[in-house]
Amino acid sequence: MDYDNKQAESAKRPFARKSLKHVNSFKAMDVMRRASELESLGRKIVHLEVGEPDFSTVAPIVDAAKKALEKGLTQYTSPTGIVELKTRLSELYFRRHGLSVNAERILITPGASGGLLLLANLLVEAGDEILIMDPAYPCVRNFIRLMSATPRLIPCDAQQGFRPTVSQFEKARNSSTKGVWLASPNNPTGTVLDRETLTKLAVWARSTANHFLVDEIYHGLHYVSDLPSVLEVESDAFVVNSFSKYFGMTGWRLGWIVVPDQYVEQATRLAQNLYICASSISQYGALGAFTSEAEILLENRRHEFNQRRGYFCNALSEIGLPPAASVDGAFYVYADVSRYNFDSQTFCQLMLEKFGVAMTPGTDFGEYKSSQYVRMSFTTSQENLELGIERMQSALDSFR
Ligand SMILES: Cc1ncc(COP(=O)(O)O)c(C=O)c1O
């Protein structure tokens with residue numbers, strides 16, 4: 001059943017919330033499904049649509065999880081997570097950012113998704129407006145809508161490096177504005193909020209009594225020397241992070257949030273009610289990420305992503321599909337396809353069906369010029385990236 005039919009079907013069921021009509025499926029998933037169909041027919045597809053590392057979890061994490069299973073550590077944990085893991089994360093903030101973050105302020109969550117869900121319930125009231133970047137990770141606006149609040153999309157143009165400005169916030173603000181939710185590095189652009197920008201935006205949020213939340217899920221996978229955590233510039237900010245990307249644990253469903261002291265008790269109550277705790281085995285496994293053996297492996301992976309980034313961005317520029325902004329973090333390239341006279345949906349469809357390259361239309365990530373852009377992930381081998389470039393070159397030649 002295709003997506004429109006499914007929506008029509010579910011509209012007939014009387015009990016589902018009407019507001020669910022805003023919650024779209026990811027187009028990246030639709031692309032992935034179609035790509036697997038083509039593969040089952042014997043076609044070789046180059047996967048550039050996937051938003052997760054292509055490496056499986058490193059051995060020290062897997063071994064730590066196996067040991068925990070053997071020891072029978074399979075019960076619920078504390079709703080905020082095991083103390084050992086929170087302590088390791090607190091140490092990580094000190095090592096990476098020179099910050100003293102009390103482990104009590106850290107709550108372990110089922111992925112960044114669980115963290116965003118908890119923070120939406122903690123911070124967003126029905127009728128509120130929350131300022132978010134456009135383009136951005138699609139679930140963010142849905143979490144806000146599910147609170148019966150409004151995500152106010154701030155259009156971020158390639159010319160401004162896909163970073164919002166204080167004057168845009170000022171223009172968008174009204175009496176319902178209650179918070180700002182950003183991501184750095186951002187998905188789908190790979191853009192980083194540099195220290196100056198982050199500071200200006202945080203100062204604005206404080207001066208206008210808005211809460212300030214930054215999703216730092218791609219921290220660790222960054223290719224610039226200075227990537228500040230928002231906590232370096234605003235101690236009362238809310239932080240979302242995860243073991244999914246840098247630590248390569250997408251399927252383990254493990255993340256964390258950092259909240260200011262005065263919110264710990266309410267956040268803990270919400271954690272108990274929303275999910276009781278994050279997976280115990282995943283938490284014990286994640287302790288293995290803080291061994292020197294794992295640290296070397298994870299840094300090697302970051303290095304590999306950086307090499308792929310160098311190759312892929314240059315090759316894309318050479319064939320006429322340059323990254324729209326400098327890819328300073330994450331593993332995504334956002335590129336403008338408008339010169340080829342197709343909207344991004346059609347462009348992606350043609351690339352997949354005719355040329356065997358899967359990529360995600362920008363319309364997954366927002367409204368502003370989103371039908372001009374596509375997102376490509378370098379979460380596949382160098383060999384596949386080269387094949388992808390070769391196929392894209394043929395495609396673009398045929399479009400000219
Ligand atoms: C910006 C951003 N935030 C949150 C998530 C959700 O991640 P998790 O697997 O930790 O739930 C993603 C996933 O791609 C993401 O890109």
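Helices (H or I, at least four residues) and strands (E, at least two) are DSSP runs, numbered from the N terminus. The model is predicted, so local features are given only at pLDDT of at least 70 and side-chain atom pairs count only at pLDDT 80 or more, whereas totals for chains, interfaces and linings use all residues. Residues are numbered from 1 along each chain as its sequence is written.

Two cis peptide bonds can be located in loops. The bond from aspartate 134 to proline 135 is cis, with omega near 15°, and proline 135 belongs to the loop between strand E3 (129-134) and helix H6 (138-146). The bond from asparagine 187 to proline 188 is likewise cis, with omega near 20°, and proline 188 sits in the loop between strand E5 (177-183) and helix H8 (195-207).

Positive phi values also occur in loops. Serine 148, in the loop between H6 and strand E4 (150-155), has phi near 60°, a positive value in a residue other than glycine. Alanine 209, which lies in the loop between H8 and strand E6 (211-215), has a positive phi of about 60° although it is not a glycine. Serine 148 has 13 other C-beta atoms within 10 Å and is therefore partly exposed, while alanine 209 counts as exposed because it has 9 C-beta neighbours inside 10 Å; with C-beta atoms placed from the backbone, 20 or more others within 10 Å make a residue buried, 12 or fewer exposed, and counts in between partly exposed.

Further along, an open sheet of three strands has the order E9-E12-E11 with antiparallel pairing, where two strands pair if DSSP finds at least two bridges between them.
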